[in-house]
Amino acid sequence: MTLTAGRCLVTGGAGFIGSHVAKRLFEAGCDVTVLDTNAGGGGAVEGVRYVKGNATNAELVDRLVAEHDAVFHLAAMLGVKTTMDAPAEMIENNVQGTVNVLRSALKFRRKVVFASSSEVYGKGRPPFSEDDDLLYGPTKRLRWSYATAKLLEEFLCLGYGRKGLPVTVVRYFNVYGPGQKDGPYGGVIPKFIRAALAGDDITVYGDGTQTRCFTYVEDAAEATIRALRPEADNEIVNIGTEHEIPIMEVARLVKSISKSVSKIVRVPYASVYPHGFEEIPRRLPTTDKMKSLLGYRPKVDLGIGLGLTLQWYQGNRKQGG
Ligand SMILES: NC(=O)c1ccc[n+]([C@@H]2O[C@H](COP(=O)([O-])OP(=O)(O)OC[C@H]3O[C@@H](n4cnc5c(N)ncnc54)[C@H](O)[C@@H]3O)[C@@H](O)[C@H]2O)c1
């Protein structure tokens, strides 16, 4: 696509989705700078400038925002483990970084695309539409702190929009693909793939009937970049697919695509998640707005995307990654 923004700042651009956004922007002809606490940690995209630093540093953010035409703000702490173990750090990190980005962007009149999450839909009834009412558990259930922080950041975005800032919120639904980390409790696809390649048990939490809609990272990156469009200013847009699949089915697909000898085993939630964690049984977006406002339909179906992801992990394993 043709981009009007020549110089783009990607916060969190050394991470999974951000690195794909940075690469795609660079390939589209943009000058790209990444701001990430983990810059220099490997996986750098050739041609992209990396600044190792923290989005909570207001001075640094101000300087970098001034030098760019648009900001993709993806820097965040995330994941169930982080949310449960370090909610205060997560909230401060995420909210402070977003405040800094929005303040600087308003000052210099730069467009912001903010990375939110399907988590903000909480315990609502799917399919999830951008204007739905939202329902969370009690404050003592810390797993809701991440969703609440993202929600607050969305309000901040819309609040700055009121002040004249062009800003778009994108809500990602289960993004997967090459480059995704395999951490504790996080990223079911990397976990399944690693187990399948190692011949270990593929462990499915609960009875495996819980469903998700998986979005290939290249599709997520393209939709994110399209959110630069002025038509998307002050809007919230789901980024995902309507292909709902039970987790047990994903485990079977991974096993079959990788021709793995692994067994698929079920384990109870209580044995893997910290006390107080509540699982969401279904997570399904409506995608009309993504199609109409961003003019985008995801291109990579799950079978193909899993194959590409598997290849990436196999390559990484060979290099000892
Ligand atoms: N992966 C998903 O399925 C998913 C789903 C919903 C929302 N999101 C959101 O998308 C964004 C990117 O997620 P990801 O999956 O690529 O995660 P990731 O952990 O791979 O990337 C996040 C990056 O942000 C950096 N970072 C964190 N705090 C920072 C700070 N204060 N200053 C500078 N850098 C900082 C980290 O070092 C990391 O490289 C996040 O905002 C996340 O909340 C992701």
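Ala, Val, Leu, Ile, Met, Phe, Trp, Tyr, Cys and Pro count here as nonpolar, Asp, Glu, Lys and Arg as charged, and the others, Gly among them, as polar. By these classes, the shell around the ligand has twelve nonpolar, ten polar and three charged residues. The model is predicted, so local features need pLDDT of at least 70 and side-chain atom pairs count only at pLDDT 80 or more, while totals for chains, interfaces and linings use all residues. Residues are numbered from 1 along each chain as its sequence is written, and side-chain values use heavy atoms, with hydrogens and water left out.

**Ligand surroundings**

- Ile 17, Asp 36, Asn 54, Asn 93 and Tyr 146 come nearest among the 25 residues around the ligand; a residue is near a molecule if one of its heavy atoms lies within 4 Å of it.
- Helix H1 (16–27), strand E5 (111–117) and H5 each supply at least two residues of the shell; helices (H or I, at least four residues) and strands (E, at least two) are DSSP runs, numbered from the N terminus.
- E5 gives the largest share of the shell, three residues.

- An N or O atom in the side chain of Asp 36 is 2.6 Å from an oxygen atom of the ligand.
- A polar backbone atom of Leu 74 is 2.9 Å from an oxygen atom of the ligand, and a backbone N or O atom of Gly 15 lies 3.3 Å from an oxygen atom of the ligand.
- Of the 820 Å² of accessible area that the ligand has on its own, the protein covers 90%; accessible areas come from the Shrake-Rupley method with a 1.4 Å probe.

**Packing of H4 and H5**

- The axes of helix H4 (residues 87–108) and helix H5 (residues 144–162), lines fitted to C-alpha atoms over the stretch in contact with angles running from 0 to 180 degrees between N-to-C directions, come within 10 Å and cross at roughly 10 degrees.
- H4 and H5 are therefore roughly parallel to each other, a term for angles under 35 degrees.

**Backbone features**

- A cis peptide bond, with omega about 5 degrees, joins Pro 126 and Pro 127; Pro 127 is found in the loop between E5 and H5.
- Arg 109, in the loop between H4 and E5, has a positive phi near 55 degrees.

Methods: Parallel < 35°, antiparallel > 145°, perpendicular 65-115°, else oblique. Polar contact = N/O pair within 3.5 Å; in protein donor to acceptor, adjacent residues only side chain to side chain.
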